[in-house]
Amino acid sequence: MLPSITGQYLARYQRLGAGDPAAGLLPVTGAQRRFLLVRSLDPAGRADIVPMFFAFPRGTVDAARLRAAANHLAARHPVLRSRPCVVRGTPALRPEPADVPLDHMASAPGEAAEDALRRALAGWPADGPPLRLFLAHSGPHAEEEILAVVLDHTACDGQSLARIVEELGDAYRDRLGPDDLSPAEAAAELAAYRDAVLRQLDAEDRAASPRALTYWGERLRTVREQTPLPGTRPISAELPTGAVESRLPSPAGGVPFPALLDACRAAAGALFGTGPVVPIGYPWGGRPAGAEPVLGCFLNTVVFPAGTGSAPAPEVTATDWWDDLDRADTPFDEVVRAARAGGSAWSGRLDGLLTVDDARNRTPLRLGGTAGREVHIGGRQVRAPFAVSATQGPELHLRMVWDRSVLDDAVAEDAFAALRGALPAGAPAH
């Protein structure tokens with residue numbers, strides 16, 4: 001049997017350690033490997049980025065103090081100061097000294113701060129540091145300023161974000177900088193990160209077992225990439241993505257994940273027609289067993305084949321989903337290869353994305369004695385025709401964005417209505 005894709009990567013990475021300067025390189029997880037591959041195939045070389053936006057009263061943010069705090073985090077956490085590289089055909093991370101930039105965004109006359117930030121993120125250079133800060137306000141009389149804490153997705157996953165916000169606020173409060181971390185502490189953090197990634201790769205290698213690959217090959221055998229239905233009206237919007245959102249009553253304990261998958265199935269049916277099997281990806285996973293709780297990107301993208309014919313009973317999706325989770329550690333690239341071996345013509349492109357967040361576990365960024373108000377700034381390009389985010393809390397906050405070069409606004413809005421109506425918490429938008 002051929003070694004797994006992860007096994008082949010591990011062998012190549014281990015060979016890099018035989019000489020300098022490659023011995024200082026850090027390995028990459030399967031998720032990081034996928035993000036780097038997608039970036040390399042993107043005609044514009046776009047990186048996948050994760051921005052968090054916080055509104056503060058004007059004059060709250062001490063820029064020098066904030067940048068020092070961010071550099072303290074980068075000095076402590078290797079993934080926040082390491083840049084992707086390829087050495088002898090092998091992707092890796094190269095640690096560098098902490099150097100987090102903080103850019104002041106000047107709005108054009110009459111332009112909102114959100115527009116200036118959107119413009120800055122659209123021009124994100126993929127070869128820069130993985131953590132960057134942007135501060136913007138709308139002219140000299142604006143009452144608020146917006147701070148953007150932005151990360152390359154290779155440097156973070158959902159588990160990392162809350163911790164980054166908390167530690168950034170703590171370092172700001174305590175006026176810490178990169179020099180407040182001792183060499184011994186930095187070396188220990190570096191060793192812990194390397195160990196965690198190697199444990200993750202070992203787990204991914206074991207998860208690519210023949211039984212798991214057979215399962216995914218059969219599960220995704222009928223998946224095909226879809227061609228969206230023709231739009232009903234021309235697109236004239238300036239932003240590359242459209243968006244719509246809704247807040248629904250949330251049942252006690254939140255909406256079960258299989259119900260969200262079924263809702264995405266309903267949206268896919270409205271977008272692509274009834275009958276096809278649409279690949280919808282969602283992130284899953286955490287730190288490997290025995291690893292320190294390091295910051296990083298340890299998620300895996302799991303694929304749900306959303307058949308858009310007759311909607312199955314909720315318990316069918318729930319059962320299928322639980323079966324998928326038993327093999328959720330199988331790396332995405334192995335799953336794609338298994339699907340092709342099973343007879344699918346699927347290239348690995350995802351037609352939909354679903355992310356779920358729990359607002360009850362989210363803490364605001366606090367700078368000094370002031371807590372920032374988290375805000376959303378849309379309009380960024382997405383990697384799939386449509387993407388759905390669901391934030392669970394006292395209400396269910398649903399948001400759907402779509403690629404306007406692929407989907408028409410009216411069709412996408414109908415799909416969102418179908419998604420909302422398919423949920424057990426279905427209610428009019430407000």
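**View 1. Helices α1 and α10 meet through side-by-side contacts of named residues.** Ile5, Thr6 and Gln8 in α1 meet Asp333, Glu334 and Arg337 in α10. Contact means heavy atoms within 4.5 Å. The model is predicted: local features need pLDDT of at least 70, side-chain atom pairs count only at pLDDT 80 or more, and totals for chains, interfaces and linings use all residues. Residues are numbered from 1 along each chain as its sequence is written, and side-chain values use heavy atoms, with hydrogens and water left out. The helices pack at an angle of about 135°, with their axes 9 Å apart. Axes are lines fitted to C-alpha atoms, for helices over the stretch in contact, and angles run from 0 to 180 degrees between N-to-C directions. α1 and α10 are therefore oblique to each other; angles under 35 degrees count as roughly parallel, over 145 as roughly antiparallel, 65 to 115 as roughly perpendicular and the rest as oblique. Helices (H or I, at least four residues) and strands (E, at least two) are DSSP runs, numbered from the N terminus.

**View 2. Helix α2 spans residues 30-41.** Its 12 residues reach 17 Å from first C-alpha to last, close to the 16 Å expected at 1.5 Å a residue. The expected span is 1.5 Å times one less than the number of residues. Gly30, Ala31, Gln32, Arg33, Phe35, Leu36 and Arg39 are the buried residues of α2. Buried means under 20% relative accessible area, exposed over 50%, partly exposed in between (1.4 Å probe, protein chains only). Their cover includes α1 (5-16), β2 (82-87), β3 (90-95), β6 (144-152), α6 (183-207) and α10 (332-341).

**View 3. A five-stranded open sheet has the order β4-β5-β6-β1-β13.** Its pairing is mixed. Two strands pair if DSSP finds at least two bridges between them. At the edges stand β4 (102-106) and β13 (373-375); each has a single partner strand, so one side of each is left without a neighbour in the sheet. The twist averages 30° from one strand to the next. β4 and β5 (residues 131-137) run parallel, joined by five bridges. Leu102 has Leu133 in β5 as its bridge partner. Helix α3 (residues 63-76) packs on this sheet and touches β4, β5 and β6. The direction of α3 makes about 140° with that of β4.

**View 4. A six-stranded open sheet has the order β7-β15-β14-β10-β8-β9.** Here too the pairing is mixed. The edge strands, β7 (241-249) and β9 (300-307), each pair on one side only. Neighbouring strands are turned by 20° against each other on average, direction ignored. β8 (residues 277-284) pairs with β10 in the parallel sense over two bridges. Ile280 has Gly352 in β10 as its bridge partner. Helix α8 (residues 257-272) packs on the sheet, touching β8, β9, β10 and β14. Its direction makes about 150° with that of β14.

**View 5. Strand β14 (residues 386-392) is largely enclosed by the rest of the structure, because six of its seven residues are buried.** β10 (residues 352-358) pairs with β14 in the parallel sense over seven bridges. Gly352 stands opposite Phe386 in β14. β15 (residues 395-403) pairs with β14 in the antiparallel sense, over seven bridges. Val388 stands opposite Met400 in β15. A hairpin of two residues joins β14 to β15.

**View 6. The largest nonpolar core holds 50 residues.** A nonpolar core is a set of buried Ala, Val, Leu, Ile, Met, Phe, Trp, Tyr and Cys residues joined through side-chain atoms within 4.5 Å. Leu66, Leu80, Leu147, Val149 and Leu365 touch the most other members. Helix α5 (residues 158-173) gives the largest share, six residues.
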